[in-house]
Amino acid sequence: MSRINVVTQETANEDQQVLFKAITTQLGMVPNFLKVFANSPTALKSFLGLHAIANEGSLDTLTKERIALTIAEQNACQYCVSAHSAIGKAAGLNSAEIIANRQGSSQDAKAAVAVKFARALAEHKGEVTSAELLEIRNAGYSESDIVEIITHVGMNILTNILGKASRVEIDFPKVDLQKAS
């Protein structure tokens with residue numbers, strides 16, 4: 001049971017109903033974590049706006065999902081691991097790749113560098129080394145790509161915090177967190 005109110009279609013006010021309709025048009029459903037966000041229509045609008053803008057960038061969908069998976073696992077957010085496992089699979093990631101992403105790597109050499117960089121950003125709260133920046137540049141990522149990776153890490157940390165604080169019910173196929181080694 002969620003520790004923060006989950007706004008439903010039945011309890012939503014007019015602003016929340018409008019947001020839910022827009023989300024349903026895009027996703028076919030309103031995920032539970034967005035129903036928690038909906039407690040503040042302003043917060044939900046802000047998140048959706050940043051998400052929409054970030055999705056227009058130069059990073060491909062698979063790289064964005066790889067980042068989401070590694071950050072969700074790193075932050076032990078079962079809701080987000082479950083959601084991005086389903087979303088990643090729908091986007092074209094295979095099961096082995098999803099596992100690799102959750103472990104902080106990738107079967108794709110270039111993507112592995114982005115995932116590693118994303119984990120370093122989260123782990124060190126942005127204090128990455130010059131060597132880490134050089135590695136991501138040498139892998140072929142532009143300055144725009146680097147800023148977008150940082151943006152996606154930040155967005156995913158936000159959703160991980162919301163998912164963990166609320167303990168919202170998982171409305172995707174449930175995926176267990178990996179055991180710490």
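A cavity, as the word is used here, is a set of grid points where a 1.4 Å probe fits but cannot get out, whereas a pocket is an open set of points with protein on both sides within 12 Å along at least five of seven lines. The model is predicted, and a search of the whole structure finds 1 cavity of 30 Å³ or more.

**The cavity**

- The largest cavity holds about 40 Å³ of space, and its lining is made up of Val 113, Lys 116, Phe 117, Ala 120, Glu 132, Glu 135 and Ile 136.
- H7 and H8 are the elements that give two or more residues to this lining, and H7 gives the most, with 4 residues.
- Sorted by class, the residues that line the largest cavity comprise 4 nonpolar, no polar and 3 charged.

**The packing of H7 and H8**

- Two packed helices are described by the angle between their axes and the distance between the axes.
- For helix H7 (residues 109–123) and helix H8 (residues 130–138), the axes come within 9 Å and cross at roughly 155 degrees.
- Angles over 145 degrees count as roughly antiparallel, and H7 and H8 are therefore roughly antiparallel to each other.
- The crossing of H7 and H8 is left-handed.
- On the H7 side the contact involves Val 113, Ala 114, Lys 116, Phe 117 and Ala 120, which meet Glu 132, Leu 133, Glu 135 and Ile 136 in H8.
- Taken by class, the residues of this contact between H7 and H8 are 6 nonpolar, no polar and 3 charged.

**The largest pocket**

- The volume of the largest pocket is about 800 Å³, and of the 27 residues that line this pocket, Leu 27, His 51, Asn 55, His 84 and Ile 87 are the closest to its centre.
- Two or more lining residues come from each of helix H1 (14–27), helix H2 (32–37), helix H3 (41–54), helix H4 (61–74), helix H5 (78–91) and helix H9 (143–166).
- H5 supplies the largest share of the lining of the largest pocket, 5 residues.
- The lining of the largest pocket divides by class into 17 nonpolar, 8 polar and 2 charged residues.

Notes:
Residues numbered from 1 in each chain as written. Predicted model: local features only at pLDDT ≥ 70, side-chain atom pairs only at ≥ 80, totals over all residues. Heavy atoms only, no water. Axes fitted to C-alpha atoms, helices over the stretch in contact; angles between N-to-C directions. Parallel < 35°, antiparallel > 145°, perpendicular 65-115°, else oblique. Left-handed = near helix turned anticlockwise from the far one by under 90°. Contact = heavy atoms within 4.5 Å. Nonpolar A, V, L, I, M, F, W, Y, C, P; charged D, E, K, R; others polar. 1 Å grid on protein atoms, 1.4 Å probe; cavity = no way out; pocket = protein on both sides within 12 Å on 5 of 7 lines; lining within 4 Å. Points joined across faces, edges and corners; volume = space filled by probe spheres on them.
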